[in-house]
Amino acid sequence: MARAVSNRRKVGYTIAAWIIGLAIFFPILWTIVTSFKTEAEAISSPPSFMFFNWTTENYTTVLERSNYFRHFWNSVVISLGSTVLGLIIAIPAAWSMAFVPAKHTKNVLMWMLSTKMLPPVGVLIPIYLIFRDVGLLDTKTGLVIVLTLINLPIIVWMLYTYFKEIPGEILEASRMDGASLRDEIIYVLTPMAVPGIASTLLLNVILAWNEAFWTLNLTAAKAAPLTAFIASYSSPEGLFYAKLSAASTMAIAPILILGWFSQKQLVRGLTFGAVK
Amino acid sequence: MATQHSRSAARIMISPAVLLLLAWMIVPLALTIYFSLLRYNLLMPGTERFVGLLNYKLFFNNPAFFTALLNTLLLVGGVLIITVVGGILLAILLDQPMWGQGIVRILVIAPFFVMPTVSALVWKNMFMNPVSGLFAEFSKAVGLQPFDFLTHAPLASIIGIVSWQWLPFATLILLTAIQSLDSEQMEAAEMDGASPLSRFWYITLPHLSRAITVVILIQTIFLLSVFAEILVTTNGGPGNASTNLTYLVYARSLLNFDVGGGSAGGVVAIILANIVAIFLMRMIGKNLDA
């Protein structure tokens with residue numbers, strides 16, 4: 001009896017959750033579906049959900065006509081470059097804060113968090129003018145520098161919370177067993193730190209890939225990543241829904257897949273370790 | 001335990017990160033404040049001169065400023081209410097026993113990974129467009145007049161788009177927090193005859209307070225600087241109806257080339273963000289210690 005009731009409940013919860021889940025996902029699904037339509041079908045009334053002539057011509061057109069690969073490559077270089085550079089700067093810092101905490105470590109961490117509160121628009125003008133004067137406007141280098149600094153606090157915090165969980169006793173034990181500092185780093189610390197570093201890398205690539213304030217303001221045609229390339233479809237002459245959908249699908253697919261793998265790390269990274 | 005040697009090594013390891021962040025904060029900040037005291041227009045190079053607080057005076061006397069300030073607060077507040085309330089409800093639902101929980105979670109979290117320009121354009125063209133958008137098709141199907149969302153309710157539409165992007169984040173964090181709730185406590189309350197509502201009010205909600213604080217803090221940081229969504233949907237219009245502070249400063253400085261006026265706006269944005277930040281840091285500090 002009790003079982004029947006709980007099963008009926010389970011059916012109810014399942015139906016409700018699936019309806020809401022599909023509703024939230026629907027705009028993405030619709031974009032993917034539209035990307036396989038012809039332009040005429042994309043605006044046909046009433047709209048067709050399944051029964052139309054599926055075509056991949058939009059993908060070929062977008063790839064052929066619009067330097068898509070250059071923008072894709074820019075996104076890859078900017079997001080990976082800024083993340084790797086950020087890790088190089090942040091790993092030693094997080095390392096020392098986690099293993100050799102000083103009196104001010106907590107304050108330094110809170111201060112780093114507070115730099116994230118500086119609204120980007122408050123520093124847009126000087127950065128824009130400096131970049132213009134030194135020739136960094138519309139360059140990948142310029143964006144790598146800015147995004148590294150933007151995400152540095154998050155990288156440090158994430159790494160700190162991961163390193164904090166490596167037990168100090170294990171280091172002492174390996175030292176007792178006569179491990180040199182070199183052995184300690186190669187055989188003990190690195191294997192334990194790699195998962196945390198990988199998660200940090202993943203989350204920051206996602207954040208940098210989708211960053212759309214600095215990438216829109218500091219680039220033009222040359223260094224524009226996908227965020228800025230897609231924005232160019234907002235002009236009236238760019239109103240081709242099927243092609244917009246194809247370009248959008250290609251722009252979000254890699255990060256959507258990466259993102260699904262990083263749900264747990266996302267919670268931890270974006271809440272600065274406060275929710276795990 | 002830590003030797004003098006390892007202490008100084010630690011200091012050396014930490015200094016690049018600290019110095020870079022310090023420079024990133026101080027140099028542009030000082031320049032923004034300096035520019036805000038100048039008459040400085042990019043179209044008239046060589047005519048820069050010190051004008052004191054004139055830019056601020058002009059900025060505050062401009063009705064666009066109050067519209068932008070109000071829009072900023074409405075945007076942040078509106079999205080926070082929708083995502084926190086919606087996120088709590090959705091997290092509770094997703095915590096129930098069901099089939100395909102993992103897949104539903106993947107569907108719900110997906111919008112967070114969509115870049116802002118894509119989600120704004122998809123909503124603008126394929127859903128909110130009054131001629132060929134899905135909402136218009138739907139209105140026609142039920143015999144209603146299509147509604148031109150971005151012309152007649154631009155700010156509400158943008159609040160909707162941004163909420164769609166952030167609801168997954170709130171849900172995911174609150175769900176993570178709910179899953180750490182002690183189920184025995186819940187069962188005990190149920191045995192004692194506590195109604196679902198009072199169980200939610202006295203057990204679930206207090207347990208979630210820390211996660212809710214974190215959600216509000218993180219989202220506020222990002223929501224104060226919403227930009228791409230406005231740029232590709234309405235360009236801040238019609239008039240200033242959907243201009244927030246971030247967009248206003250952008251329009252002043254990079255579209256009208258008024259560096260002085262734009263910088264004054266930037267300083268105001270920094271002060272506003274700091275007021276919010278002080279409240280939030282205090283809140284999160286309290287919650288983190290507990």
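I began with the convention for helix packing: axes are lines fitted to C-alpha atoms, for helices over the stretch in contact, and angles run from 0 to 180 degrees between N-to-C directions.

**Entry 1. Ground rules**

The model is predicted; local features need pLDDT of at least 70, side-chain atom pairs count only at pLDDT 80 or more, and totals for chains, interfaces and linings use all residues. Residues are numbered from 1 along each chain as its sequence is written, while chains are lettered from A and ligands numbered from 1 in the order in which they are written.

**Entry 2. Helix pair α3 and α12 of chain A**

I took helices (H or I, at least four residues) and strands (E, at least two) as DSSP runs, numbered from the N terminus. At what angle do helix α3 and helix α12 of chain A pack? I found about 75 degrees between α3 (residues 57-65) and α12 (residues 241-261), with the axes 9 Å apart. The two helices are therefore roughly perpendicular to each other; angles of 65 to 115 degrees count as such, under 35 as roughly parallel, over 145 as roughly antiparallel, and the rest as oblique.

I then listed the residues that make the contact: A:N58, A:Y59, A:T61 and A:V62 on α3(A), and A:A242, A:K243, A:A246 and A:A247 on α12(A). Contact here requires C-beta atoms, placed from the backbone, to lie within 7 Å. Five of these residues are nonpolar, two polar and one charged. The classes are Ala, Val, Leu, Ile, Met, Phe, Trp, Tyr, Cys and Pro for nonpolar, Asp, Glu, Lys and Arg for charged, and the others, Gly among them, for polar.

**Entry 3. Chain A as a whole**

I counted 13 helices and zero strands in chain A. Its radius of gyration is 24 Å, whereas a compact globule of 276 residues would have a value near 19 Å. That radius is taken over C-alpha atoms, and the globule rule is 2.2 Å times the number of residues to the power 0.38. Along the principal axes, the C-alpha atoms of chain A fill a box of roughly 75 × 75 × 35 Å. Of the 276 residues, 44% count as buried; the criterion is 20 or more other C-beta atoms within 10 Å of the residue's own, with 12 or fewer for exposed and partly exposed in between, C-beta atoms being placed from the backbone. Among contacts between residues at least 6 apart in sequence in chain A, 80% join residues at least 24 apart.

**Entry 4. Chain B as a whole**

Chain B is more spread out than a compact globule, because its radius of gyration of 24 Å is well over the 19 Å that the rule gives for 290 residues. Its C-alpha trace spans about 75 × 75 × 30 Å along the principal axes. Buried residues make up 42% of the 290 in chain B. Among contacts in chain B between residues at least 6 apart in sequence, 70% join residues at least 24 apart.

A:M112 counts as buried because it has 23 C-beta neighbours inside 10 Å. Leaving aside residues up to four places away in sequence, A:M112 touches A:P153, A:V156, A:W157 and B:L21.

**Entry 5. Annotated spans**

The unreviewed UniProt entry places the feature "transmembrane region" at several spans of chain A, including residues 184-209 and 240-261; such annotations may be inferred rather than shown by experiment, feature names are shortened, and positions are given in the numbering used here. In the model, residues 184-209 of chain A are 100% helix and 0% strand, with end C-alpha atoms 35 Å apart. Residues 240-261 of chain A are 95% helix and 0% strand, with the end C-alpha atoms 32 Å apart.

For chain B, the annotation of the unreviewed UniProt entry covers, among others, residues 64-94 and 106-123. Residues 64-94 of chain B are 100% helix, and their end C-alpha atoms are 43 Å apart. Residues 106-123 of chain B are 67% helix and 0% strand, with 20 Å between the end C-alpha atoms.

**Entry 6. Backbone check**

Most residues other than glycine have a negative phi. I noted that A:D138, not a glycine, has a positive phi of about 55 degrees. A:D138 is in the loop between α6 (120-134) and α7 (140-164) of chain A, and it counts as partly exposed, with 17 C-beta neighbours inside 10 Å.

Definitions and conventions:
Contact = placed C-beta atoms within 7 Å.
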